[in-house]
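Please look over the sequence and the 3D structure shown below before reading on.

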Amino acid sequence: MIKAIRGTRDILPPSSAVWNGVEASAREVFRTFNYQEIRTPLFEETVLFARGVGAETDIVSKEMYSWEDRDGTSITLRPENTASVIRSYIEHRMDQWVGVKKLYYMGPMFRRERPQKGRYRQFFQIGAECIGSESPLIDAEVIELVVEILERCGVEGAKLLVNSVGCPRCRPSFIETLKASLQAVKGNMCEDCQRRADTNALRVLDCKVEADQPVIDALPSILDHLCGECSTHFATVKELLEARGIAYEVKPRLVRGLDYYTKTTFEFVHGALGAQSAVCGGGRYDGLAESLGSRVAAPGIGFSIGEDRLVMTIEEARGGETAAGPDLFIAPMGDAAQKHAAVLARDLRREGLVVEVSSDRKLKRALETANKTAARWTLILGDDELAAGTYSLKAMASGEQRSVKREEIAPAVKRLTAPVAVQS
Ligand code: HAM
């Protein structure tokens, strides 16, 4: 049997309906924040991610799906989309477009991680990038955008963690301080940390190895080493979050696993996710465009929500609730009724109803199917009904059956399907 590759999976109904709902909600929120969609290719030149995300990161050094194309170019399946969006920004001279550029995307990303609950090799992100402003107002608005999406999707209990990772003016001296402190303790740390203590000391801070955690907790904090500008920026972001009533926790170790960040970094974590608790990650990347060859500055900030994890929290909160069945199940008895049912179904679908037509000629079996598919109404159509020009409509929940005329079908079905109005 040929199976889906490890770390990839099929999204099947009824779960696919949750995925569609999440995407529709996100699109709706993006629209109200004036974001527009960008679709970038699923594969890019490897050098884009090596330079953008950083050669020393786990993503680039261990997790990319890369291959050499026939012309010798090294190509990589995108492990994330921020570098691609900035590549596109530079390529299409978006700096010349009017105003701040607000772009969103949704689609698959690829990382060769060890698969486990909430961690896949093909996973999906819903993300956005806001390019062209250094203002902390944008940081707060981008974080608010995530809050709104999570809320619209019905996610409760996500916690916001924020930090500042400084800028090229203040970070180098912090890294030197960190390196100096690491020399004394690195001998007790994991192999990766021992190497990173010299090559990329900041990465030590997001090491996940349990035994290393107390050592890391005792290392110097970046927040004590920010320059005046970064420190004011961070203070303003926090104030703006407070003004919006958005709760947050400052986590000085939150350096994130990608090298392009400057100033604000953030994550949303959710308890229902277990070890892979981050449902969204993001931050500011004021120097990324220049490191990818842009001659003009393009400061930006963005986030990516892990859609697989978002759907998981929603499904866990809902429990085993199954998807809704069709509004109406038509059970035609006989050839003439079958032909009539096809036309009737077409017309009712045009009126917006979800209609299923039985291909079973036995009434008992058709009704059984209607029950199993959780149809809300069944319309029985036999020779007698055809001759009389009436239809027998059965409410499946109550079992109540009544005779209706053609024009009464849609209103009756819609009345039951429509949400119940709140009485004032
Ligand atoms: P990231 O933290 O690498 O950031 O990924 C963002 C989110 O994608 C994570 O919080 C997680 O929910 C989800 N995710 C990552 N890897 C996996 C996986 N293997 N399986 C399932 N879900 C996963 C970025 O990708 C940045 N581009 C975010 C960003 C946008 N920063 C600025 N703009």
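This is a predicted model: local features need pLDDT of at least 70, side-chain atom pairs count only at pLDDT 80 or more; totals for chains, interfaces and linings use all residues.

## Helix α12 and its surroundings

Helix α12 covers residues 307-318. After α12 comes glycine 319, which has a positive phi near 70°.

The buried residues of α12 are Glu307, Asp308, Arg309, Leu310, Val311, Met312, Thr313 and Ile314. These buried residues pack against two helices, α1 and α5 (136-152). They also pack against the strands β6 (122-131), β9 (262-270), β10 (278-284) and β11 (300-306).

## Where α1 meets α12

Helix α1 is made of residues 15-32, and its axis comes within 10 Å of the axis of α12. The two axes cross at roughly 115°, and the crossing is right-handed.

On the α1 side, the contact involves Ser15, Val18, Trp19, Val22 and Glu23. On the α12 side, it involves Glu307, Asp308, Leu310, Val311, Ile314, Glu315 and Arg318. By type, the residues of this contact are 6 nonpolar, 1 polar and 5 charged.

Strand β4 (residues 74-77) is joined to β3 by 3 bridges. Isoleucine 75 in β4 stands opposite tryptophan 67.

Another open sheet has 5 strands, ordered β13-β12-β14-β15-β16, and its pairing is mixed. Here β13 (355-357) and β16 (401-405) are at the edges with a single partner strand each, so one side of each is left without a neighbour in the sheet. The twist averages 25° from one strand to the next.

Which way do β15 and β16 run relative to each other? They run antiparallel, with 5 bridges joining β15 (residues 390-395) to β16. Lysine 394 has glutamine 401 in β16 as its bridge partner. Helix α14 (residues 363-372) packs on this sheet and touches β12 (328-332) and β14 (377-381). The direction of α14 makes about 170° with that of β12.

Key
Residues are numbered from 1 along each chain as its sequence is written. Side-chain values use heavy atoms; hydrogens and water are left out. Axes are lines fitted to C-alpha atoms, for helices over the stretch in contact, and angles run from 0 to 180 degrees between N-to-C directions. Helices (H or I, at least four residues) and strands (E, at least two) are DSSP runs, numbered from the N terminus. A crossing is left-handed if the near helix is turned anticlockwise from the far one by less than a right angle, and right-handed if clockwise. Contact means heavy atoms within 4.5 Å. Ala, Val, Leu, Ile, Met, Phe, Trp, Tyr, Cys and Pro count as nonpolar, Asp, Glu, Lys and Arg as charged, and the others, Gly among them, as polar. Buried means under 20% relative accessible area, exposed over 50%, partly exposed in between (1.4 Å probe, protein chains only). Two strands pair if DSSP finds at least two bridges between them.
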